[in-house]
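These are my notebook entries on a protein structure. I set out to look up its overall build and then one residue within it.

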Amino acid sequence: MLFGKTCTPLAALGRILSNRPYGKNSMFNLSSVQVALAQQHLDGWLLYDFRGLNVLARRVVGLSPDQMLSRRWFYFVPVRGEPRKLVHRIEPHALDALPGARKSYMRWQELEAGVGELLKGAKRVAMEYVPRNANPYVSRVDAGTVELVRSFGIEVVPSGDLVQVFEACWSDEQWAMHLEAAKHTRSAFDSAFAFIADRVRKTGSVRETEVQQHILDHFAKNKLVTDHPPICAVGPHSGDPHYAPGPDSDAPIRDGDFVLIDLWAKLDKPNSVYSDLTWTGFVGKEVPAKYRDIFNIVAAARDAGIQNVRDAFSKKQPLQGWQVDDATRAVIEKAGYGDAFCHRTGHSIGQETHGNGANMDNLETHEERRVLPRTCFSVEPGIYLPEFGVRSEVNVFVDALEKVHVTGGAPQTHVLPLLRDF
C-alpha cells in the first residue's frame, strides 16, 4: 500500500504536505494534487476565480492577497499529465508561476470554447461547489460557471476535502506557533478576570470595553495580533452569542454579575494560526446554582464532542464534521435546552479565526468534510438564555500521527468565582 495500513489516503497526503515551505506560490505541488485526485477517483480539479470571489482557489494556486486580477482565469489540473491554463489576453501572465500550458481568450465565445478545451477527456471534476449551496464555506463558484462546465458533459463534485488538504492542514511550524499563542490566550483569562476582581473591589465596577482593552494590551505585550477585539459580555449580553461591546452597549460589571469572555489571537508572524478560547466567571465568592447547573451541561456537551473525535481516531474510523456536532448537541438536547444552543458546535481554525477546513456542524450546514490529521477546530457548545448565556470553547488539533490534542490548557471545569479566586 502506498501510505501504509493505518493511514487513510487523505491523511497520508496531509502528512506529505505538512512540512512544505511557505511563501508565494509554494503551496501548489502538482504531484501531490494528482495523488489526491487519484485517491478520490477524480479526472481533475478545475480552479476558477473572478476578482477574488473564490479565495480558496487563489490560495491553492498561491496567488498573493494583494495580486489583483480583473478578468476570469481557469486552471485545470488533470489526474495525469500537464495542467492547462486559460487567462485573458490583457492578463496573460496571471498564472505564470504555475506549471502547465497557457491559452488566452479575448471574446466571451473564446472563453467558453476554452473551458471546453481545458476539460477535454474529463468526466468527473472537482470545483468549489456544493449542491444546493449546502455548505457556503466551500461553495465559492457561481451557478452560471457550474452550468458552463456541465454543458461539456462534466459531472461537477465538491472539492471540500481537496481544499482542506492544501489549505487547512498545518505545518509543524504552524502547530508550534499555535501552542505558543495558546499559552498567551489562556493566560489572558487569568489577567482579565483578575483585572475585573481588582476594579470591582476598588471602585465597585468596571466596564466591558475596559476589560476588552485590557485583553488587547495583554495581546500586544505578548506579541499577538487579532482580527477583531475580544468579547467581554456581562449578564444578558452573554446570552447573545455574537455580542460585541461598543459605545452603544457598553455595560458595567459589578458584584453579583455573570461574565463571559471569548478571545482569539495568533502570533505576529507570517503564516501563524489562531488560538480561540471562551471562559466564564462570576463576580462573587460563591457561584449561584443557576450558573453552575447550566455550565455543567455545556461542559459535558463539550467533553462529549472531544471524546467523539478521540474515539473515531483511536478506532481509525472516518469522521465528518456533522458527527462531532451531533455528539455534542445530543447532551444539551437531552437536558432540555436544545433550542437554546443556536449555533454549530465548532469552526475550522487556521490563519483566520474561522478557517477553511471542516466545521463541526449539523445545524447550519450538514458538514460532510472529513476531520483530517493536521487540522484544528473549535468545540464550543453554548446555552443562551434571556438573563445569561454560557459557552465553553476549546481548540482541538489532530496531529500527523492522528493523536488528538486539546490546546490552551485544561478545559474549564467550573464557573470561576472571581472574588474568591483572585
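I looked up the charges to begin with. In this predicted model, the mean position of the 49 positive charges lies 5 Å from that of the 51 negative charges.

Of its 422 residues, 55% count as buried.

I next recorded the secondary structure and the dimensions. The protein has 11 helices and 19 strands. Its radius of gyration is 24 Å, close to the 22 Å that the globule rule gives for 422 residues, so the protein is as compact as a globular protein of that length. I noted that the C-alpha trace spans about 70 × 45 × 35 Å along the principal axes.

I also checked the contacts between residues at least 6 apart in sequence. Of these, 68% join residues at least 24 apart.

Finally, I examined one residue. Is Val 398 buried or exposed? Val 398 has a relative accessible area of 0%; the cut-off for buried is under 20%, so Val 398 is buried. I found Val 398 in strand 17, which covers residues 394-398. Setting aside neighbours within four places in sequence, I listed the contacts of Val 398; among them are Val 309, Phe 313, Val 371, Leu 372, Pro 373 and Phe 377. The list also includes Arg 374, Thr 375, Lys 403 and Val 404. As a last entry, I noted the distance to Ser 205: Val 398 and Ser 205 are 193 residues apart in sequence and 42 Å apart in space, C-alpha to C-alpha.

Key:
Residues numbered from 1 in each chain as written. Predicted model: local features only at pLDDT ≥ 70, side-chain atom pairs only at ≥ 80, totals over all residues. Heavy atoms only, no water. Helix = DSSP H or I, 4+ residues; strand = E, 2+ residues; numbered from the N terminus. Rg over C-alpha atoms; globule rule 2.2 N^0.38 Å. Buried < 20%, exposed > 50% of the residue type's maximum accessible area, 1.4 Å probe, protein only. Contact = heavy atoms within 4.5 Å. Lys, Arg positive; Asp, Glu negative; His and termini not counted. Charge placed at Lys NZ, Arg CZ, Asp CG, Glu CD.
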